[in-house]
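This report sets out the architecture of one protein model and the surroundings of its ligand. Please consult the sequence and the structure while reading.

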Amino acid sequence: ATPMSVMVGVGKAAEAGVLIRNGEALQSASKITAMILDKTGTITEGAPQVTDILVVGERSESDVLALAASLEQGSEHPLAVSIVESAKKQGLELGKAEGFNAIAGHGVEGNVDGQALLFGNEKLMRDRDVTIDAQIGQAQAMAAKAQTPMYLAVNGRLVALIAVSDPIKQDSVAAIKRLQKDGIRVVMLTGDNRDTAKAVAEQVGIKEFFAEVLPEQKSDKVAELQQQGETVGMTGDGINDAPALALANVGFAIGTGTDVAIESADVTLMRGSLHGLADAIAISRATLRNIR
Ligand code: ADP
Ligand code: MG
C-alpha cells in the first residue's frame with residue numbers, strides 16, 4: 001500500500017465515524033477472517049432494565065430490590081447500575097454496604113443492615129452452597145427470553161430472583177448480516193450464562209458463541225481462533241475486553257465504551273453502531289485492492 005492511499009482510506013473511514021489509529025491497522029483490517037463480538041454493550045445497548053422480581057419467602061419485591069441495590073451501589077457493572085437505578089426510580093431507601101466485594105464474572109457480596117448478602121449468577125450460588133434448585137426452571141425461562149437472571153441470598157438462603165433485559169441495538173442484526181455476507185466468521189463472546197447467550201445469539205443471527213467466559217479468559221478466545229488460522233477482529237466496550245482487544249489482529253472499541261477499551265483498540269467506532277465494522281473492512285479492502 002502506498003502511504004498516500006492508506007491515508008485516503010483512513011480519512012474515508014473517519015468520515016464514516018470510524019477512527020483507525022494508523023495505516024498498519026487499516027491494512028490488517030483488510031485481512032480479517034473472523035470477528036469476535038462482545039455481547040453486553042457491543043451487540044446490546046449495555047443498559048439493562050429490571051423486568052422481573054420473583055420473591056422466595058415473605059419479603060416484598062421492594063424489600064429484595066432495596067437489598068440488592070444497597071449492595072450494588074459498590075459496583076460499576078452495567079447490571080449493578082440497572083439494579084440501583086430501578087430501586088431509585090421506585091423511591092426506595094438504600095442502606096450502606098459493609099465489606100463489599102466484587103467476585104469477577106460471578107456477582108457481588110457484602111453486609112447490609114447486619115445481613116450477609118450474596119447477589120449474582122447460578123455459579124456463585126453453587127460455589128457458596130446456596131440452594132436454588134426450586135428456582136432454576138424459572139431462571140432458565142427468563143434466560144430463554146434473553147433476560148439475565150440474578151439470584152439474591154440473605155444469610156445463605158435464597159430470597160429472590162431478579163431478571164434484567166438488555167435491548168439489542170437497533171442495527172446490530174443488519175450490521176452482523178453485512179459481516180457474514182462479506183465472508184467473515186462472526187462469533188459472540190460473553191460472561192453471561194449459556195441460555196441467555198444462546199437467546200441473544202439467535203436473535204442476531206450468530207451461530208457460534210462462547211458463554212460464561214471469565215474476564216481474564218476473554219483474550220484466550222482470541223488466541224484460540226488465531227491458532228485455528230484466523231485473522232481475528234475483536235469488538236468490545238468494557239475494561240474486561242481490553243486484553244482481548246490488544247491481542248486481536250485488529251481491536252475495535254465502541255466509542256461510548258470505557259477509556260481502557262478505547263486505548264487498547266486499533267479502531268474506535270464513534271457512532272457505537274456495528275455497521276462501522278463492515279464499513280472499516282470495506283474501506284480497507286478497497287484501499288488494498290487499489291494499490292495492487
Ligand atoms: P459481562 O461483561 O458479559 O456481563 P461479566 O464477566 O462481567 O460478563 O459477568 C458475568 C456474570 O456474572 C453476569 O452475567 C452476572 O450474572 C454476574 N455478575 C457480574 N457482575 C455482577 C454484579 N455486579 N451484580 C450481579 N451479577 C453480576
Ligand atoms: Mg461489554
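The account below treats the sheets, then the helix packing, then the ligand shell.

The model is predicted. One of its sheets is open and has six strands in the order S3-S8-S7-S6-S5-S4, with antiparallel pairing. Strand S3 (residues 49–55) and strand S4 (97–103) stand at the edges; each has a single partner strand, so one side of each is left without a neighbour in the sheet. From one strand to the next, the twist averages 20°.

Strand S3 runs antiparallel to strand S8 (residues 157–165), and the two are joined over six bridges; here Val 50 stands opposite Val 164 of S8. Strand S7 (residues 147–154) also pairs with S8 in the antiparallel sense, over eight bridges, and within this pairing Ile 162 of S8 is the bridge partner of Met 150. S7 and S8 form a hairpin with two residues between them. In that turn, Asn 155 has a positive phi of about 50°. On to strand S6: this strand and S7 are antiparallel and share four bridges, with Gly 120 opposite Tyr 151 in S7.

**The seven-stranded sheet**

A further open sheet contains seven strands in the order S1-S13-S12-S11-S2-S9-S10, and its pairing is mixed. Its edges are strand S1 (18–20) and strand S10 (208–210), each with a single partner strand, so one side of each has no neighbour in the sheet. Neighbouring strands here are turned by 20° against each other on average, direction ignored. At one end of the order, S1 and strand S13 (residues 267–269) pair in the antiparallel sense over three bridges. Ile 20 has Val 267 of S13 as its bridge partner.

| Strand pair | Sense | Bridges |
|---|---|---|
| S3 and S8 | antiparallel | six |
| S7 and S8 | antiparallel | eight |
| S6 and S7 | antiparallel | four |
| S1 and S13 | antiparallel | three |

**Helix packing**

Two packed helices are described by the angle between their axes and the distance between the axes. Helix H4 (residues 61–72) packs against helix H5 at an angle of about 130°, and their axes are 8 Å apart. That angle makes H4 oblique to H5. The crossing of H4 and H5 is left-handed.

Helix H7 (residues 136–144) and helix H9 (residues 194–204) have axes 7 Å apart and pack at an angle of about 20°. H7 is therefore roughly parallel to H9. The crossing of H7 and H9 is right-handed.

**The ligand shell**

Which residues are the closest to ligand 1? They are His 77, Gly 105, Gly 107, Asn 121 and Gly 191, from a shell of 22 residues that surround the ligand. By class, this shell has six nonpolar, 13 polar and three charged residues.

Several elements supply at least two shell residues each: helix H3 (39–43), helix H5 (78–89), strand S5 (107–112), strand S6 (115–120) and strand S7.

Why does ligand 1 lie between domain 1 and domain 2? Domain 1 (3–45 + 168–290) and domain 2 (49–165) both give residues to the shell, so the ligand lies between them.

Technical notes: Residues numbered from 1 in each chain as written. Chains lettered and ligands numbered in written order. Predicted model: local features only at pLDDT ≥ 70, side-chain atom pairs only at ≥ 80, totals over all residues. Pairing = 2+ DSSP bridges. Near = placed C-beta within 6 Å. Nonpolar A, V, L, I, M, F, W, Y, C, P; charged D, E, K, R; others polar. Domains from an automatic or database assignment. Axes fitted to C-alpha atoms, helices over the stretch in contact; angles between N-to-C directions. Parallel < 35°, antiparallel > 145°, perpendicular 65-115°, else oblique. Left-handed = near helix turned anticlockwise from the far one by under 90°.
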